[in-house]
Amino acid sequence: MNSFQIITHYESLSDLTERMCEAAAQGDWDKLASIEQQCAQQVAIMKLADAPITLDEPTRQRKMQLIKKILADDAEIRNHTEKWMGQLQRIMQSNRQEQRLQQVYGGC
C-alpha cells in the first residue's frame with residue numbers, strides 16, 4: 001500500500017465517523033447503526049492492508065489530522081449515545097415502577 005492509499009483509507013473512515021456523528025446528533029439511531037457497519041468494514045479493510053510504510057512529513061501530518069478528527073467524532077458520538085442511553089434508562093425505570101404499582105394496587 002502506498003501513502004496515497006493510506007490517506008484515502010483514513011479519509012474514508014473520517015467521512016464515515018462524521019456521518020455517524022451527524023446521525024447521532026439527529027437521534028437517527030438506525031442510520032447510525034448502518035453507518036457503524038460501514039465503518040467496521042472500512043476498519044477491517046485497513047487492517048488487512050496494514051503494512052509498515054514510511055510516510056513523508058506532509059502525509060504523516062495529514063494522517064495525524066485525520067486520526068484526531070476520527071477520535072473527536074467518536075467522542076461526540078459517545079456523548080450523544082450516552083445521553084440517549086440515559087434517557088432510555090430513565091424511561092425503562094419509570095415503566096418498571098409503573099408496572100410494580102399496577103401489580104400492588106391494580107386489584108383495588
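Biologist: Which residues does tyrosine 10 touch, not counting residues up to four places away in sequence?

Modeller: The model is a predicted one. Tyrosine 10 is among the residues with the most contacts inside the largest nonpolar core. Once residues up to four places away in sequence are set aside, the residues that tyrosine 10 touches are Met46, Lys63, Leu66, Ile67 and Ile70.

Biologist: Which element gives the largest share of the largest nonpolar core?

Modeller: This core has 17 residues, and those with the most contacts inside it include Leu13, Met20, Leu32, Cys39 and Ile77. The elements that give two or more residues to the core are α1 (3–26), α2 (29–48) and α3 (57–105). The largest share, nine residues, comes from α1.

Biologist: Which residues that line the largest pocket are the closest to its centre?

Modeller: The largest pocket has a volume of about 210 Å³. Its lining is made up of 13 residues, and the closest to the centre are Ile6, Tyr10, Met46, Asp50 and Lys63.

Biologist: Which element gives the most to the lining of the largest pocket, and how do the residues of that lining divide?

Modeller: At least two residues of the lining are supplied by each of α1 and α2. The element that gives the most is α1, with four residues. By residue class, the lining divides into nine nonpolar, one polar and three charged.

Biologist: How many residues apart in sequence are the parts that the pair of glutamate 11 and arginine 62 ties together?

Modeller: The structure holds five salt bridges. In one of them, the side chains of glutamate 11 and arginine 62 meet at 3.2 Å, N to O. Glutamate 11 belongs to helix α1 and arginine 62 to helix α3, so the parts tied together by this pair are 51 residues apart in sequence.

Biologist: Are glutamate 11 and arginine 62 buried, partly exposed or exposed?

Modeller: Burial requires under 20% relative accessible area, and exposure requires over 50%. Glutamate 11 has a relative accessible area of 30%, and arginine 62 has a relative accessibility of 33%. Glutamate 11 is therefore partly exposed, and arginine 62 likewise counts as partly exposed.

Biologist: With which residues is isoleucine 35 in contact, leaving aside its neighbours within four places in sequence?

Modeller: Isoleucine 35 lies in helix α2. At 2% relative accessibility, isoleucine 35 falls under the 20% limit and so counts as buried. Its C-alpha atom and that of threonine 8, which is 27 residues apart along the chain, are separated by 18 Å. With neighbours within four places in sequence left aside, the contacts of isoleucine 35 are Leu16, Arg19 and Met20.

Key:
Residues numbered from 1 in each chain as written. Predicted model: local features only at pLDDT ≥ 70, side-chain atom pairs only at ≥ 80, totals over all residues. Heavy atoms only, no water. Core = buried A, V, L, I, M, F, W, Y, C linked by side-chain atoms within 4.5 Å. Buried < 20%, exposed > 50% of the residue type's maximum accessible area, 1.4 Å probe, protein only. Contact = heavy atoms within 4.5 Å. 1 Å grid on protein atoms, 1.4 Å probe; cavity = no way out; pocket = protein on both sides within 12 Å on 5 of 7 lines; lining within 4 Å. Points joined across faces, edges and corners; volume = space filled by probe spheres on them. Nonpolar A, V, L, I, M, F, W, Y, C, P; charged D, E, K, R; others polar. Salt bridge = Lys/Arg side-chain N within 4 Å of Asp/Glu carboxyl O.
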